[in-house]
Amino acid sequence: MKMKYETDRLVLQILTDAAADRVLQFYQDNREVFEPYEVERSQNFYTGQYQKTLLQCEYNLAVKQSAVRFWVFEKKEPERVIGTVSLQGIRRDFYCSATLGYKFDREFWGRGYAGESVRKCLEIAFMEMNLHRIEAYTLPENKPSRNLLERLGFAWEGTKRQSVKLHGRWRDHEVYALLAEEAKLLLGFL
C-alpha cells in the first residue's frame, strides 16, 4: 500500500503530523455537520496538539495496516483538506475485513467527490490489501450516505439496534457490506 493515490480529480493521502493545522481547519469548518453523527468530542479535540497526536497515531496504524485514513484533496487545490475516507478495524486471518468511514466538507457536497474517494479506497482495500469484506454503518436518517453506499454496490444487511451511543442516546445503525467479488464485477476492479 502506498501513502498517496490519485483519481481523476483528487489526491488521497495518509498524512503526517505536519498537516495538523490543515486537519484541524477541516474539523473546525465542519463541526456542526459532523458532530451529530459522531461520539462527543472533548474540547481539546479542536486543538493543533490533539490533531498532531492523532495524526501520529493514524500514521503508525497505517504503516501496520491496522487502520488507514486517507485525507482527500482536490488536485487543483492540494493544500486544503476536503474530506477523509478510512478503513478501520482491519482484520486479517479468518475475516479479511474492515469498516469503511468517510466524511466531506459540506462546501464540496454534491460534486461526486465522496463516491470517487470511496471507490478508490475500495480498490485499494480489495486489490492491494486483499480484503474480502468491507462493512459500512450509517444512521437510518442519513439518506445521502445510504444512497452513496447503494450506488457503490453495497448491500443492506440489516439494522444494529442501539449499537452506538451518540450525545447521550442509544442509536441504531444500518449495516451495509460489499464483498471483493462483487466490487470487482460492479466497480470494474481487475
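Student: Why is F26 called buried?

Tutor: F26 has a relative accessible area of 1%, and buried means under 20% (exposed is over 50%, partly exposed in between, with a 1.4 Å probe and protein chains only). So F26 counts as buried. This is a predicted model, where local features need pLDDT of at least 70, side-chain atom pairs count only at pLDDT 80 or more, and totals for chains, interfaces and linings use all residues. Side-chain values use heavy atoms, leaving out hydrogens and water, and residues are numbered from 1 along each chain as its sequence is written.

Student: What makes the pair of F26 and F34 tilted?

Tutor: Rings of Phe, Tyr and Trp (its six-membered ring) pair if their centres lie within 6.5 Å; planes under 30 degrees apart are stacked, over 60 edge-to-face, the rest tilted. F26 and F34 are 5.3 Å apart centre to centre, with 50° between the planes, so the pair is tilted.

Student: And why is the pair of F45 and Y50 tilted?

Tutor: Their ring centres are 5.3 Å apart and the planes stand at 55°, so this pair is tilted too. F45 is buried at 3% relative accessible area, while Y50, at 31%, counts as partly exposed.

Student: How do you know that K103 lies over the face of F34?

Tutor: A charge sits over a ring if NZ of Lys or CZ of Arg is within 6 Å of the ring centre and within 35 degrees of the ring normal. K103 is 5.5 Å from the ring centre of F34 and lies over its face. Likewise, R91 lies over the face of Y95, at 3.6 Å from the ring centre.
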